[in-house]
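Subject: Structure for your review

Dear colleague,

Please find the structure below, together with its sequence. My notes on helix packing and aromatic pairs follow.

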Amino acid sequence: MTEEIGLAIDHAACDPAAWDAVMAEIGRLVPGVWPVLQMVDAAGSGLPLAQWGWDPAHIASYEAHYGAVNPWLPLVLSTPTMVSIHSEERMPAESLRHTEFHAGWLRPLGAMTASSGIKLIDADGRLAMLNLQHERARAEREHGRLAAIMEGIGPRMRRAIETNRACFPPSAARVPGETLLDRVADPAFVVTRDLRLVEASRAGHALIAGGEVLWVGALDRVQFRDPGLAGAVAREVALACGGDPADGAPDIASELAPGPVRIGEALWRVTAIGLRQDLRGVLGMARLLTPDHLALVVLRRTVSDGARARHHLAALGLSPAEIRLALLMDGTRSLVEAAGSLGIRHETARSQLRQVFSKLGVSRQSELAVFILRLRQRA
């Protein structure tokens, strides 16, 4: 069953409009549930819900109001990704009887007041959740079965959603005849299971030509200079292709989303999805002339929070030495301790601090600490 749903998920990775079809496949294969996929972007605005079986009026009221007052949402946010959660175990519908959420949204659902869900993504200000609504009377015996299904398809859904984000930014209009690799602004590569390069996006070719992060070695295998990034790519490709890890790949007993890999001041995130024969046309590739197991790997580079803070302070006129001192003055240490950490004399630190005060428009260390803490939050 999970493999049948997975085939629909693979199509949605290459076509964001196909998520409703994924929900329909879940509804067909898991009778008695109403599936819904909710995604929230970095700005906090909800994207259209993909769903099956729901009354459009219920979905509209949730998007317009009840999603913001959903008492189950804090439970979802506090639960790790890829761990199933069940409403009747954590916050039964009966306990919500006197809430606005129950009166205005749950009650009109009739018997379908129990919920089983899983958080797919919770990072970088983005949230994605799969929810399966079902009858409360069947809740106890349904939870185990639904948990197995959600935890089986969850990693595949995560990879597909991340691929959507990389390949289909909302601001980019699709050009007729444009292939998937043409659309990816980030470095992207089509590779075999053992990381032999088949094709690359424009940004991917540029990253290879630069040679600072990766290069193509013997037998056309992609090589990475950083071991952490090499391991992350090998792991994601192994997961995307299915089965056992490729030679040299790390253990993949867990399919949780990997964290970013730090290289200097840059953070690299890795996303990979499997490309079956019937999906390769979107890449402009010949179906019969390519190996059976291929993966599309997308690398996304961002600047670390510390680098953003340093860049902001530099834009305000602080020198490199003043920036180093200012970032230490966050209320956790004295000026003497900060000077010791930097290996400079206290008098030098005091002189630099006066310059920091002048350039930032503050007059005491407590004000500077608040400024630095807020700067880190924004970063």
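At roughly what angle do the axes of helix α12 and helix α13 cross? For α12 (residues 320-328) and α13 (residues 335-342), the answer is roughly 130°, and the axes come within 10 Å. Helix α12 is therefore oblique to α13, since the angle falls between the ranges for roughly perpendicular, 65 to 115 degrees, and roughly antiparallel, over 145. The crossing of these two helices is right-handed. Please bear in mind throughout that this is a predicted model.

The residues that form this contact are R324, L325 and L328 on the α12 side, and L335, A338, S341 and L342 on the α13 side. Sorted by class, the contact comprises 5 nonpolar, 1 polar and 1 charged residues.

Helix α13 also packs against helix α14 (residues 346-360): their axes come within 9 Å and cross at roughly 110°. This angle makes α13 roughly perpendicular to α14. Here L335, V336 and A339 of α13 meet H346, A349, R350 and L353 of α14. The class composition of the contact between α13 and α14 is 5 nonpolar, 1 polar and 1 charged residues.

I turn next to the aromatic residues. A search of the whole structure gives 5 aromatic pairs. In one of them, W72 and F101, the ring centres are 5.9 Å apart and the planes stand at 75°, so the pair is edge-to-face, the cut-off being over 60 degrees. This pair links distant parts of the chain, 29 residues apart: W72 belongs to the loop between α3 (56-64) and α4 (73-78), whereas F101 belongs to helix α6 (residues 100-106).

Are W72 and F101 buried or exposed? W72 has 8% relative accessibility and therefore counts as buried; F101, at 2%, counts as buried too.

F101 also pairs with W105, with 5.4 Å from centre to centre and 35° between the planes, an arrangement classed as tilted. Both residues lie in helix α6, 4 residues apart, which is about one turn of the helix. W105 counts as buried because its relative accessibility is 5%.

Which residues do the ring pairs link into a cluster? They are W34, W54, Y62, W72, F101 and W105.

With kind regards

Definitions and conventions: Residues numbered from 1 in each chain as written. Predicted model: local features only at pLDDT ≥ 70, side-chain atom pairs only at ≥ 80, totals over all residues. Heavy atoms only, no water. Axes fitted to C-alpha atoms, helices over the stretch in contact; angles between N-to-C directions. Parallel < 35°, antiparallel > 145°, perpendicular 65-115°, else oblique. Left-handed = near helix turned anticlockwise from the far one by under 90°. Contact = heavy atoms within 4.5 Å. Nonpolar A, V, L, I, M, F, W, Y, C, P; charged D, E, K, R; others polar. Phe/Tyr/Trp six-rings, centres within 6.5 Å; stacked < 30°, edge-to-face > 60°. Buried < 20%, exposed > 50% of the residue type's maximum accessible area, 1.4 Å probe, protein only.
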